[in-house]
Structure formats: structure tokens, C-alpha cells
Amino acid sequence: MRYSFVGNARYKFIIEQFDKLSLSKDSTVINCGCGSCVGSSYLKERYKTVKSFDIVEKALAICKENGIKAEYGNILQLRLLDNCADAFVCSETMEHLSRKESLIAAKEIMRVCKNNGLICITVPFDKESCLADPGHRQYLSVEDLQDHFKKLRVLFNGKFCKNEKRCNTVIVFE
């Protein structure tokens, strides 16, 4: 059975922020930690080239089943050229890494993104519910993310809530 691509409001919100920041439709966007590729399907509707990566084989199989090309890729060491992306999306991934790994991931994201490229990071907003998830290894505040990407300028810092109990911090750097 094919996965149902019922709306993913978080990715729609990310695209709205990219539009406000004038990301070109001709852009190359990396979606790392793409999961089942629902977000990648929205990005593909808007941008010329979308490259999707994940380390979970089951997620990659779901992507393939739904006709979306996704590759195995570890955010700690992506097999991508330097400065190849106009934008990089890392949604609900950094909290699954240790602090040391998330700092390595931030450097890798900056390596892959072009100068003046956009980097969108989303993480759980609520510390208590974030740390209650056994798959989460850390909670990252806005200040933590700014420390990880301290060489970059914050263009957007806000919150996206699907409902009161499920909010995400959304931060876009340049």
C-alpha cells in the first residue's frame, strides 16, 4: 500500500519562509533526515532540484515505493560537493544526535550550503516532551542552534504548532 501524502503543514510552513526570503524556484534544496519523503514531495513541487537523504532503510523504502528518489546519507558525512545547495532542510533530525554529533552535523550542513544559502532547522519546541521521547538524545534551544551555526545570520526564528502539544522551533540561517 502506498503511503498517503496527506498534508504536512510543517513543510508547507518551511516553504512559506523560503518564499518570504526569495528562494528561487530554480534552487537546489537538500532535505536531510527526509523520513518517508512527505516533506520532499512538497519541496519537489516548488524547487527545481531536491535531493533527499536518510539513514533509515525503512524510510528510504517508503520513499521508493512512493516514487521519490532518496539516498542513504549520514548527516555527519554527506557525499555531496562543497557549496552545492541553495537551501538545506534538516527537520526533526538534530535532536536524534548527541551534542558532539549535532555540532559535526552543523559544520557539514554549512559545508554543503552555498554562501548566502538558506539553512532551515526544526527541532521540538518543548524540552520536557522532547526528552521524553526515547529516540531523542538531546534538546536544542534556539540559543543552542545559534551556537551551532554561530557564523551565520538568523533570518527567521519562530514556532510552528500543529496543535498546542506539538510545536516545533523553526530557525532559518543565511
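The residues lining the largest pocket divide into 18 nonpolar, 14 polar and 11 charged, where Ala, Val, Leu, Ile, Met, Phe, Trp, Tyr, Cys and Pro count as nonpolar, Asp, Glu, Lys and Arg as charged, and the others, Gly among them, as polar. Before I go on, please keep in mind that this is a predicted model, in which local features need pLDDT of at least 70 and side-chain atom pairs count only at pLDDT 80 or more, while totals for chains, interfaces and linings use all residues. Residues are numbered from 1 along each chain as its sequence is written, and side-chain values use heavy atoms, with hydrogens and water left out.

Let me stay with the pockets. Rolling a probe the size of a water molecule over the atoms shows where empty space is left. Here a pocket is an open set of points, on a 1 Å grid over the protein atoms alone, where a 1.4 Å probe fits and protein lies on both sides within 12 Å along at least five of seven lines, and lining residues have an atom within 4 Å of a point. A volume is the space filled by probe spheres set on the points, which are joined across faces, edges and corners.

Two or more lining residues come from each of α1 (9–20), α2 (38–46), α5, β6 (154–163) and β7 (166–173); helices (H or I, at least four residues) and strands (E, at least two) are DSSP runs, numbered from the N terminus.

The second largest pocket has a volume of about 200 Å³, and its lining is made of Leu103, Lys107, Met110, Asp147, His148, Phe149, Lys150, Lys151 and Leu152.

Seven strands form an open sheet of mixed pairing, in the order β3-β2-β1-β4-β5-β7-β6. Because β3 (70–72) and β6 stand at the edges with a single partner strand each, one side of each is left without a neighbour in the sheet. From one strand to the next, the twist averages 20 degrees, taken between axes that are lines fitted to C-alpha atoms, with angles running from 0 to 180 degrees between N-to-C directions.

What joins β4 to the strands beside it? Three bridges link β4 (residues 85–91) to β1 (residues 28–32), and the two run parallel; in this pairing Val29 has Ala87 as its bridge partner, and Ile30 stands opposite Phe88. Six bridges link β4 to β5 (residues 113–124), again in parallel, with Val89 opposite Cys120. Seven of the seven residues of β4 are buried, buried meaning under 20% relative accessible area, exposed over 50% and partly exposed in between, with a 1.4 Å probe and protein chains only.

Thr122, in strand β5, counts as buried because its relative accessibility is 0%. Its side chain makes a polar contact of 2.7 Å with that of Ser91, a polar contact being a pair of N or O atoms within 3.5 Å in which, within protein, one must be able to donate a hydrogen and the other to accept it, and residues adjacent in sequence count only if both atoms are side-chain atoms.

Terms used:
Pairing = 2+ DSSP bridges.
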